[in-house]
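Here is a short note for a colleague who has not seen this structure before. Please read the points with the model open.

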Amino acid sequence: MSEAGTWTRHENGWVQLRVPLPFSLKWVNSYVLPDGAGYSVVDPGLRSADAEACWEAALGALGIGWRDVTGIVLTHHHPDHYGLSGWMQERTGASVYLSAEARVYAEKLWGEGETFSDELIAAFRSYGLPEKLVPAMQAHLEGVKAQVNPPPREVRLVEAGAPLAFGGASWTPIAGEGHAPGHLSYYDEARGLLLCGDQVLPDITPNIGWMPDADPDPLGAFLDSLEALRPLEVARAYPGHRDPFDRFGERVEAIVAHHERRLRRMAELAAEAGEPLSAFEMCERLFGARLQGNAHNLRFAMAETIAHLVRLERSGRVERVEESADGAVRQAVGKPLIRFRPSEDMRQAVGTKADGTTA
Ligand SMILES: [Zn+2]
């Protein structure tokens with residue numbers, strides 16, 4: 001049974017270390033790849049006392065010294081992957097490799113004087129987040145900062161398509177959008193190996209990462225990115241969460257089908273509601289009211305819901321309704337409240353009027 005804090009040595013000599021996470025995902029996979037002269041680490045994990053202890057114990061047991069680590073390769077900037085990179089760089093002196101876009105977002109989200117947290121809260125308010133849940137969301141966003149500290153001092157930028165040598169192989173970085181801007185998967189065509197980060201996961205679907213002032217349609221970009229990954233000949237995929245898997249193409253198809261089902265379900269919910277729904281109201285209908293007690297999960301559920309509503313809007317299935325300060329029944333602070341209703345075409349298709357009553 002796989003558990004956070006444990007590790008597995010695979011036949012190819014790689015060590016998969018399950019670095020513990022303080023939320024329901026339980027662990028992130030770090031891969032330790034022998035390099036000949038030393039080791040490269042892919043995605044070291046999130047900064048926490050548990051994660052640090054996990055690394056100390058694992059490297060001790062494996063007989064690997066900090067100075068044997070010669071490279072730290074990142075798939076994306078999310079805290080559970082990037083968070084420990086600065087801490088690990090301090091111990092190893094190794095370079096940290098990531099995409100230019102990932103570096104921009106790491107700085108934007110947690111750099112000094114960041115304004116992202118306020119912008120995200122403002123956007124969530126306009127998408128219907130109730131005021132009573134704002135303090136917990138603010139505390140959650142503030143709490144993440146300790147999990148990504150310190151930032152790496154020296155980074156080397158990786159470009160999609162430009163081969164990168166580490167772990168005794170030449171890897172082609174492949175851009176993927178929708179989960180995180182600038183996400184890179186690393187493909188070793190000769191052996192059919194893919195370090196897929198969070199772009200494709202087994203058992204669970206990658207969160208679709210909607211953010212203000214970023215790609216407005218991340219689900220569209222995510223589905224396009226999967227189309228680019230689908231034809232790769234992957235003998236074994238090494239994901240950021242859960243365990244390595246094969247049948248990569250089937251997994252990609254299952255994830256596409258999941259989003260199609262969710263889009264259909266949301267279009268139905270919008271039609272059944274009888275009045276325009278905010279993203280928050282839609283989110284509760286999809287994921288249940290229990291989300292209110294967990295700001296971390298609520299944040300990702302909101303992002304997921306907004307991303308799907310935008311996709312439904314862009315494909316002509318729902319339309320947004322903005323209520324201004326005058327006459328607004330429920331008013332988001334300082335901004336119009338955005339809600340969604342079935343589009344004119346959809347209403348005609350099912351014979352429903354704009355107010356939700358059936359013709
Ligand atoms: Zn992750």
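In which loop is Asp213 found? Point 5 gives the answer.

1. Basis. This is a predicted model, in which local features need pLDDT of at least 70 and side-chain atom pairs count only at pLDDT 80 or more, while totals for chains, interfaces and linings use all residues. Residues are numbered from 1 along each chain as its sequence is written.

2. Overall form. The protein has eleven helices and 15 strands; helices (H or I, at least four residues) and strands (E, at least two) are DSSP runs, numbered from the N terminus. Its radius of gyration is 22 Å, close to the 21 Å that the globule rule gives for 359 residues, so the protein is as compact as a globular protein of that length. The radius is taken over C-alpha atoms, and the rule is 2.2 Å times the number of residues to the power 0.38. Along the principal axes, the C-alpha atoms fill a box of roughly 70 × 40 × 35 Å.

3. Sheet. Five strands form an open sheet with mixed pairing, in the order S8-S9-S10-S11-S12; two strands pair if DSSP finds at least two bridges between them. Strand S8 (164-166) and strand S12 (236-239) are the edges, each pairing on one side only. S9 (residues 169-176) and S10 (residues 183-188) run antiparallel and are joined by five bridges. Ile174 stands opposite Ser185 in S10.

4. Helix packing. Helix H8 (residues 248-273) packs against helix H10 (residues 295-314) at about 80 degrees, with the axes 10 Å apart. That makes the two helices, H8 and H10, roughly perpendicular (65 to 115 degrees; under 35 is roughly parallel, over 145 roughly antiparallel, and the rest oblique). Axes are lines fitted to C-alpha atoms, for helices over the stretch in contact, and angles run from 0 to 180 degrees between N-to-C directions.

5. Positive phi. Asp213 is found in the loop between S11 and H7. Its phi is near 60 degrees, a positive value in a residue other than glycine. Asp213 is exposed, with 11 other C-beta atoms within 10 Å; exposed means 12 or fewer such atoms, buried 20 or more, and partly exposed in between, with C-beta atoms placed from the backbone. Asp203 lies in the loop between strand S11 (193-197) and helix H7 (218-229). Asp203 has a positive phi of about 70 degrees, and is exposed, with 10 other C-beta atoms within 10 Å.

6. Cis peptide. Asn149 and Pro150 are joined by a cis peptide bond, with omega about -10 degrees. Pro150 lies in the loop between helix H6 (134-144) and strand S7 (155-158).
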